[in-house]
Amino acid sequence: MTQKRTKPLSIEQLWAYEAKHPAIFAAPRALAEARLIVDLGRSQRSRRHATTAKRSLKRGELVVK
Amino acid sequence: MPLPGDEALNNFSFHIEVNGKPSLAKLRFATRTELQAYHRSLAAASNDASQTLKDAVEFTRLAAKRWRYYAEAGEAVESLDELQQALAANKCCEVAFILITTTTLRGRETPIGLTYCRRTWCHHLALDFLALHPRTLSEKEQITGVGSGTVYGLVKLAKALGIRRIWGEATVHSAPFYERLLGLVPILDLFVIEAREMAEIQKRQAKIARRVLATSGKPAVK
């Protein structure tokens, strides 16, 4: 699809648009990658906690009810 | 390559409007400490907050986490100097960085936006996240022009580094913004800012600068 050039907006017109549509954007691939990084961090932390809890249980430090 | 005045100080400035009056904003590289402070300044969005506010908080947090991940791998920088050093060491490196937009509110330099970019292996700039700070969405302060001004700041950075293309993935939410900013229709899932678009963006900001100069008598930002 070819693109067409439009008449440039004045700064007032552009700012009026931005006031109603704040610039809060994320590239889909970047967003997906960032969410994956967060999930990776969470699963690493929960594995570490599970390992720590297991060791404490073996040493008799934890009482599981 | 020696950089002119402002840029050499890691300060890419532009005009915005705060409470109906022209004001100056600055775009600069964020250090790890500044990023942590920015992160802390984001109050968790409550359940009844608008989707816009929730997105502002979520995108900023995710951008910061992504930057930290790449920083741990040695693939992110905290300053223009570091970026230039990375380029000198390997001209095909891919490097991420975060830029923070600030302005002076009530006498204090206050962050109002965050941008996550990558310098790609072929010396282009990829814009991955552009998110205003939630305080710009509150009714306490009417702050306008941060999004378009930030892109102008990126154009200045691109010019300073000899980068000829800024690009990014557009979505159904951001495509209309880029159409208006770049004067191109339609913009689908990709936006590209090259020489002609950069010139238009600079021309628009120059008009604001001239207007500020004419009304205030103070020197405006070029």
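Mentor: The model is predicted, so local features need pLDDT of at least 70, side-chain atom pairs count only at pLDDT 80 or more, and totals for chains, interfaces and linings use all residues. Residues are numbered from 1 along each chain as its sequence is written, chains are lettered from A and ligands numbered from 1 in the order in which they are written, and side-chain values use heavy atoms, with hydrogens and water left out.

Trainee: How do you know what secondary structure chain A has?

Mentor: Helices (H or I, at least four residues) and strands (E, at least two) are DSSP runs, numbered from the N terminus. Chain A comes to two helices and two strands. From the N terminus on, their order is β-α-β-α.

Trainee: Why is chain A called more spread out than a compact globule?

Mentor: Set its value against the rule. The radius of gyration is taken over C-alpha atoms, and the globule rule is 2.2 Å times the number of residues to the power 0.38. For 65 residues the rule gives 11 Å, but chain A has 26 Å, well over that, so chain A is more spread out than a compact globule. Its C-alpha trace spans about 75 × 30 × 15 Å along the principal axes.

Trainee: What share of chain A counts as buried?

Mentor: Buried means under 20% relative accessible area, exposed over 50%, partly exposed in between (1.4 Å probe, protein chains only). In chain A, 26% of the 65 residues count as buried.

Trainee: What makes a set of residues a nonpolar core?

Mentor: Its members are buried Ala, Val, Leu, Ile, Met, Phe, Trp, Tyr and Cys residues, joined through side-chain atoms within 4.5 Å. The largest such core has 81 residues, and B:Phe129 and B:Tyr178 have the most contacts inside it. Helix α5 (residues 146-161) of chain B gives the largest share, nine residues.

Trainee: Which residues does B:Tyr178 touch?

Mentor: Contact means heavy atoms within 4.5 Å. Not counting residues up to four places away in sequence, B:Tyr178 touches A:Phe25, B:Leu127, B:Leu130, B:Gly183, B:Ile187 and B:Phe191.

Trainee: Why is B:Thr120 called buried?

Mentor: Its relative accessibility is 5%, so B:Thr120 counts as buried. B:Thr120 lies in the loop between β5 (108-119) and β6 (125-132) of chain B. Leaving aside neighbours within four places in sequence, its contacts are B:Cys93, B:Glu94, B:Ala126 and B:Trp167.

Trainee: Why is B:Asn19 called partly exposed?

Mentor: B:Asn19 has 43% relative accessibility, so it counts as partly exposed. B:Asn19 is in the loop between β1 (12-18) and β2 (21-29) of chain B. Its phi is positive, about 50 degrees, although B:Asn19 is not a glycine.

Trainee: And what makes B:Gln142 partly exposed?

Mentor: Its relative accessible area is 46%, so B:Gln142 is partly exposed. B:Gln142 touches B:Glu17, B:Val18 and B:Asn19, not counting residues up to four places away in sequence.

Trainee: Where is the cis peptide bond?

Mentor: The cis bond joins B:Val185 and B:Pro186, with omega about -10 degrees. B:Pro186 sits in the loop between β9 (184-185) and β10 (190-193) of chain B.
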